[in-house]
Amino acid sequence: MSETHATPVSEQDADQATGQTTPGETNEQVQAEWLEYEFQGDAKVSATDVNVHYGDDHALHDISMDIPEHSVTALIGPSGCGKSTFLRCLNRMNDRIKSARVDGSVELDGMEIYQDGVNLVELRKRVGMVFQAPNPFPKSIRDNISYGPRKHGEIETGLVSRLLGRDDQEQEDELVERTLRQAALWDEVKDRLDDNALGLSGGQQQRLCIARALATDPEVLLMDEPASALDPIATSKIEDLIEELAEDYTVIVVTHNMQQAARISDQTAVFLTGGHLVEYGDTEQIFENPESQRVEDYITGKFG
Amino acid sequence: MSTISDRVQIGTGRPSVVSAALAMTIAATVLAFLVVPGLTVYPLVAFMVVAAYGWYAHQEETARSLMFVMTASTVLILALITVYLVVKSIPAFRIMGVDIVLKTNGPFWNPREKLYALFPMIWGTLITTLIAICIAAPLGVAGALFISEIAPRWARELLKPAVEMLAGIPSIVYGFIGFVIINPYMMNELSVSTFGSLIAVGIVIGVMALPTVVSVAEDAIASVPGPMKDGSLALGATNWQTMTDVTIPAAFSGVTAAVLLGVGRAIGETMAATVILGHAQVLPEPLYNVFGNTETLTSLIASQYGIASGSQLSALFAAGVVLFVTVLVISIASQRIEARMKQKLGGEV
Amino acid sequence: MAVDSTPTNDLVQEGTGRLQTIGYVLQAVALLVLVASFALLFEVVDAQSLVAGQSVLTWMGLGFGVLGLGFVAVAGLSRADLVESTPIKSAGVGAGIVYALIGFVVVGLVSSQTLGLQTLWVIPAILAGGLVFLGAVYPREDIGSTLPAAGFMVFAGTTFLTGTIGLDWTWQPIPNGAVFDASMALIVTGFFGGLLGAWTAARAGNGFGSRGRQSGAYLLVSVNAVAMAALLFALVTFVAVRGWAPMTRGIKTGIFWEPVYWFYFQPIQEYVIFQIPGLWFYWPFTMEGAALMNDINGVAPAIIGTFWLVVGAILFAVPLGVGAAVFLTEYAEQGRFTQLVEISTNGLWSTPSIVYGLFGLALLVPRLGNSNSILTGMLVLGFMLLPLVVITSRESLKSVPDEYRDASAALGVSQWQTIKSVVLPAAMPGVITGVILGVGRIAGETAPILLVTGGSPFPSTGADIFDPRFAFTGQFPWVSLNIVNVDPLLQPSSALPYQLYAVISAGLSENLSFAWGTALVLLLVVLGFYAIGIASRAYFRRKLQA
C-alpha cells in the first residue's frame, strides 16, 4: 500500500469553507485546501494543470493529480462538475468533440500524450475505456471481444489466413475465454459466443464491454459510471470485478455513488461544481477525515 | 393523436350526417368523372354546397372529414393509376400473351404486323440500370460517408446543397448534354458504330441517380448512435475502421434502401434515355455489348406515343405496366428494409 | 505464426516526418498523372502535345517510373527500419484482391494482344492474379502493399515510354463495340494508375497499419467528393457558357420620354410638352415566341406554359397534400389505413414520370376535351407533386413540439382550432420549403408534358390565360369584368423542358444555339427554385435553433 504524508491545512481555510462554490473563490484558495497525495513508485498517469474549454464554457480548472499503478482511483462529485470530462482527457476521447480545447499536460508512464506525433491508436490500446451505458456492437459476443485486437492487426482469421498458414483462431478463442473469465461473464455465455451481443441483459452487456476493453491488453482502465445503468445485483458484480482488476491494471472509476467509491477505491478525488478538483487522497482519509470543509459537507450530504 | 375535445363531440347525431353527405357527394363526383364525365359538375356542386354548410355549422367535424377524404385520395390515385394502366394494356396482352415479355428472338417490334415483344427494351433497361448502379452505388455511399463522417463542417455545408442541386438538374438537360457531347465523342474517339449507346445512357443515369443514393445513405449513416462509434474509437480503432466495421454494418439496411431507391430512379429515367439512344428495337449483338444501341422501356414509350394508336398504344401501356410494377415492388422492398433497420437499432433512429 | 512478428509500436513516434514527406511527394505525382489523364479525356491536351519540352506521354511515363521507384524505395526503407512505420502482418485481403485484379487484367491483356492467345489468355491471367495476390498478402504489409504497385507502375511506365503501345495500336474488347486506341489506353492507365499510386502513397506515407489504411481510404473518398462537386460545377458552367450568348442576344434597354402634360403656348405658336423618363427593357429570348417575322426567336410561350402548369399543380397538390399530412399526423391512429396510405404515398413518389404521363393520357385526356391541354398537364404535375408535399408536410408537422398542442388543448381549444391557429402556422416554413423543392422538380419534368400537354414545337404565343379586361357595357349589369380566360386551359401548350426536347427532335443543325439558350433558361429556373428552397430551409432551421 502507499504511504500518505499529510500536509496540515491552516485554520483559516477551514473557516472559509462553505457548502457551495463561492463566486470569486480563486483557484489558489481551492487548491490550498488539498492534501498533497504522495505514494511510492512512479505515477502511472499524471495530470498537471489540465484545463478544458467547451467553446466558451470553462469546464475544468487546473486539475493536477498523480495516479499510482495497480490501484483503483475513484472520481466523485455532483453531476456536471467535470469528472467524465477529466476521464476523457486521459485517453484523448475529448478530441472527438469539436468544440473542446484541452490545455495542460497528461503523462502516461512519463510520456506526454498531448504532444505531436502521439499515436492515438497505440494510446487507446494502452488506456481502455468502459462507458456509462453499455454499448456493445451489433455483432456476436466473440466478435465484440476480438474487435480491438483485429483492428490492431494482431488477430487474423479466415480462409486466406488459413491458406497462408497463419490463422489465429486459437489465439482468438483463448483471448475470448480469458477476458470473459476476467469479466466474470464466461460461465453465463460460454455456450453462445456466436449470439448477437444485443441479446444480453444490461448487466451482461456491461461486463461484455469490460471484457472487450480488457482484450486489447491495456495498462489503464477508465470506467465512466460503469454501474449507473444497472440493477443492484449487477452493480455489486461489477464492483467485485473492479477490485479484482486492480491487481493487474490501473483502474480509474467515475461514480456519483459515494458509498460505492468508499467501498472499492484506494484513492478518491473529489470534484466540485465548476470543474474544480477540491481534494485528492487516500479513500479512508477522505471519507473519515477530509481536510477540506467543502468536501466534508459534500460527503455528509449537505449538498450535491 | 385524438384529443379529449374530439371525443366529446361524438354522440351528437347531426354531425355524422354532414360527414356522410360529404363522403357520398365526393364519391359520386369521382364516379361521375370516371364513368359519365359530362355529369361530373352536379355532384361536385353538391359536394361544395355540403362542404360550405358543414364549414359554417360544424367546422370541427367537417374539417376532419375533408382531411380524411384528402388522405384517401392518395390511395385512390395510386389505385386509379394501376387500374387504368392495366386496363389500357389488356389488348396488347391479348394479342401477344406472355410472349410480350418472354419472346427472346427477333424480330421484336413491328406495329404493322401487331408484333409487340418488350424483351429488347427490358434488356436495355436492365443494362443501363446495371451500369448506372455500378456508378451510383459505390460512389454514392462513399460520398455519403464523406459528408457525414469525414468532411469538416465548411465542406459539409458546401457539399450537401451541391449534391441536392445535382439532383435538380432536369433529365432533359442531361439528355441534351449526352446527345451533343457524349454521343459524338463515342463515335469519333471510340469508333462506336451507332449514334447512341447503352453505356452512354448508363453513365448519364448513374450521375442522375447518384444524389439520391448520397442523400438517403447519408441519413442512414448519420442515424447510427454516437456511443457505438465512441466505443470503437476507445478500443483504438481508427475513424475509418469504425466506419467500415461499425457504422456501415449498423446502417446497412438504410444504405441498401438508398441503393434500391437509386435503382428505382434509374429504371424510371425517361428523357435522357430517349434523347441519347437511337430508336431501334433490337437486341445488341453480342448480348453484353454495352456499346450497342437499343431502346429502354421508358424511351420506347416517350418516342412512340405520338405515332401510336390502337394496339400499338396498348403495347406502350403494357411497357408502362412493367415499369410501374417493377418500381412499386422496389419501393415497397426498400420501405420494409428501412422499417427493419429502425427496429434493429432499438428504435433509436 | 507470421513470418515476422508485429513490431511493438511506440506511443510517441519520431521520424514520421521523413516517411510522410516521401508519401506526400508520391501522392502529388500520382494525382498529377490522374489530372493528366482527365486532361487527355476532355481533349484539353493531346498525348503528343508538348509541355515544358516533353510530350504529355513522356511526362506520364516518367510519372509512372517515379512512382514505381518510389514505392520500392519506401518498401526498402521501412523494412530496414530506417523510417518509422507501423505496418501490420499483412496488407490485407482487400488490397490483395485489388492487386490481383490488376495482375489479372495486365497479364490477360498481354497474353491476348501481344501473345495472341485467343481464349487461353485466361490461364496465364488467373495464374498471374493468384501470384500477385500471394505476393501482396503473405509478406509484411510494408512490402506487400508497395511492391505489387511498384511492379504495375514500372510496367506501365516502360510500356508507354518505349512505345510498345504505339500509334497504331487498337483493341476492340467487345465485338461490334468500341475500339480503344493508344490515346484511350493512356487515359485509362493514367486514371487507374494515378488512383492506385495515390492510394498506395497515402498508405505508405502514414506508416501503414490502420492509420495508413485510413489515409488511403480518406484519399479515395475525398477524390470522389471533389469529383462530384467538380462535376456539378462543370455541368452548370458548360450549359451556362454555351447558352449565355443565345439567351442574351438582342437585349436592349433604353430610356424613353413620356409626355404627361402639354399645352399650346400662343406667343411662340408651339406646344409645350412636359415629359418624364421611363425605362423599357426588351429581352427577346424570354419575351418572344418563334415566328418567321422575328429577328430573334424566343421561348416566351414555353415560360408562360411552365408558369401556368406550376401554378395549377400547386393549387391542386398543396391543399390536398397538406390536408392529408394533417390528417395522418393529427387525427389518424396507426393502423391498416395509415400503413396503406404510407405505401401509396411512397409508391407514388417513386413512380416514373412517364407512367404519370400514360395515366394522364388514359384517364384525363379523354375526359377533358380529348386533346392535349394545359389543364391535364396541371393535374398530372399535381399528381406528381402530391406525394412530395405529403412527405415534407408530415415531417414538418411531426417536428412541431407536442407542448404546443397540449398547451392549446389545456386551454379548452378544440383540435381543429389548435391545428389551424397553432400547429399549421408553426409547420408552415417546412411546408413551404417542401413545396418549393417539389416545384423545382416538376418544373423540370418533360415526360408527362410530352404526353398530355405538348403542342406545336415552336409556338409563337403563349397561353393567354390571365387576361384582365374591364369595360362598360350598354346593358345590365353595365360592366363586364374578365380576369381569366378558360379556353386556353383546354389547349395544348409548350413548356420549358418540352421546348428543349422539341428542339432536339426537330434537328439541331440549325437550332443548336437556340437549344443551348433554352437549356440555360430551364436550368436557371429549376436551379433557382432549388436554391431558394435550400436557402429557405437553412434559414428556417437557423431561426428554430436560435
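Start by selecting Tyr42(B), which is exposed, with a relative accessible area of 58% (exposed means over 50%, buried under 20%, partly exposed in between, with a 1.4 Å probe and protein chains only). Tyr42(B) sits in helix α3 of chain B; helices are DSSP runs of H or I with at least four residues, numbered from the N terminus.

A note before moving on: this is a predicted model, where local features need pLDDT of at least 70, side-chain atom pairs count only at pLDDT 80 or more, and totals for chains, interfaces and linings use all residues. Residues are numbered from 1 along each chain as its sequence is written, chains are lettered from A and ligands numbered from 1 in the order in which they are written, and side-chain values use heavy atoms, without hydrogens and water.

Next, select Leu31(B), Val35(B), Val36(B), Leu39(B), Val41(B), Tyr42(B), Leu44(B), Val45(B), Met48(B) and Val49(B): together they make a nonpolar surface patch with about 950 Å² of accessible area. Patch members have over 30% relative accessible area and no salt bridge, and nonpolar side chains are joined within 5 Å, like charges within 9 Å. A salt bridge puts a side-chain nitrogen of Lys or Arg within 4 Å of a carboxyl oxygen of Asp or Glu. Accessible areas come from the Shrake-Rupley method with a 1.4 Å probe. Colour α2 (13–35) and α3 (41–57) of chain B, as each supplies at least two residues of this patch; α3(B) gives the most, with 6 residues.

Finally, jump to chain A and select Asp240(A), Glu243(A), Glu244(A), Glu247(A) and Asp248(A), which form a negative surface patch. Glu243(A) lies in helix α10 (residues 232–245) of chain A and is partly exposed, because its relative accessibility is 40%.

Key:
Lys, Arg positive; Asp, Glu negative; His and termini not counted. Charge placed at Lys NZ, Arg CZ, Asp CG, Glu CD.
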